[in-house]
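Hello,

Here is the structure I promised to pass on. Have a look at it first, and my notes follow below.

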2 protein chains.
Amino acid sequence: MEANNIDSAQSHLQYQREDSLFTPMGECSAEDLARLFREKGLRMTQQRAEIFQEVVRSRSHPGAEKIFEKVKRIMPSISLDTVYRTLTTLEELGLVRRLNHPRGGARFDSMGPGHHHFICLECGEIVDCFLNEAEEGILGSLSRDIGSVKSIHVEIRGLCSQCSHKVPITAHNGQNH
Amino acid sequence: MEANNIDSAQSHLQYQREDSLFTPMGECSAEDLARLFREKGLRMTQQRAEIFQEVVRSRSHPGAEKIFEKVKRIMPSISLDTVYRTLTTLEELGLVRRLNHPRGGARFDSMGPGHHHFICLECGEIVDCFLNEAEEGILGSLSRDIGSVKSIHVEIRGLCSQCSHKVPITAHNGQNH
DNA sequence: GGGGCTAATCAGAATGATTCTTATTAACCA
DNA sequence: TGGTTAATAAGAATCATTCTGATTAGCCCC
């Protein structure tokens, strides 16, 4: 299943991207990343670069374990703990978003163009969803009267088109993911 | 801190409330609950009734452990496992919503009138947010082309008004909750 | 109104994801 | 280029949550 680009015009959710490193195409160079780290007083390590690249490259909202397996191929001595620590760091820097999967465990997504998520309750797949600018604007107005807003995220749950077809009434089929 | 009723007109999010037991005021009688359980072939137990009441009564989005402590006062022999099992059952029946707290662990909220959540990144507090109809309409449009939608939930993160005042730059203050 | 079937509970063990600890390594500033 | 110290690796520890197996109690039927 591919990203569900609901509207041709992609959105710009300012809240999440104030000083984003990403281009409108969702790219972020290694130099930019290194610079951001240094600005924050952090060190740019091989591990951090690889983990970040893996998250940006991946379209499938992987969990920490999956990222670990992938990076391990390039860097066999890396530890799972480093993956977790780095993902937390990247999240704090606003470069990565952590999603809680209904079946447990966190999934990670790069903060490319601001977007939202659909999660299939049957197969567990997570799909990106985009709003147009007008729509994001209306959501943005949610911030009135609340303190300062850092991010707005919409999570839709249901059955993806594949699962809503193939699954009639049964209780617990398909355990992909 | 009280519920942040952002707009005077409360919303009607059909997706989450198809056959809700709740009145528009967010109430649900013990008889209705018992009937729903029986319809689904489940048994109405003391434990389930108490746990449900505790979630409905509570405005603070408690975690399982907190619900356990509360119910234990009335029913000292109850086990934490029963609380977890019951919360999952209530969630499956659409009576309770599970929220993932950024600091780990799940929080629970009754499915009263459809609403969304603001989470303070500083103190961890979760506050209810209501959208007006236009805003809910926007959310509805997110579902075009996706399979069948079961729920739409907006999660806003930021600093609540209290924390945005009292917290200047420091890294990790306030550990309420 | 009581008996039997079986779902639901309790207690504690087990699991799985994530975080901590400690010694070691490697960024990067001077 | 060396010293400082943040970041890492490995494995132990923790935390929330789920499972196991024996026991209890809803509730359907008589």
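**What I found**

In chain A, A:Arg35 and A:Asp32 lie three residues apart in helix α1 (residues 30-39), so about one helical turn separates them; helices here are DSSP runs of H or I with at least four residues, strands are E runs of at least two, and both are numbered from the N terminus. Their side chains meet in a salt bridge at 2.4 Å, N to O (a side-chain nitrogen of Lys or Arg within 4 Å of a carboxyl oxygen of Asp or Glu). A:Arg35 is partly exposed at 42% relative accessibility, and A:Asp32 is partly exposed at 22% (buried is under 20% relative accessible area, exposed over 50%, partly exposed in between, with a 1.4 Å probe and protein chains only).

A word on the source: this is a predicted model, where local features need pLDDT of at least 70 and side-chain atom pairs count only at pLDDT 80 or more, while totals for chains, interfaces and linings use all residues. Residues are numbered from 1 along each chain as its sequence is written, chains are lettered from A and ligands numbered from 1 in the order in which they are written, and side-chain values use heavy atoms, leaving out hydrogens and water.

Over all chains there are twelve salt bridges. Another one joins A:Lys70 and A:Glu54, with the closest N and O atoms 3.4 Å apart. This pair links distant parts of the chain, from helix α3 (residues 64-74) to helix α2 (residues 46-57), 16 residues apart. A:Lys70 is partly exposed at 33%, whereas A:Glu54 is buried at 7%.

Best wishes
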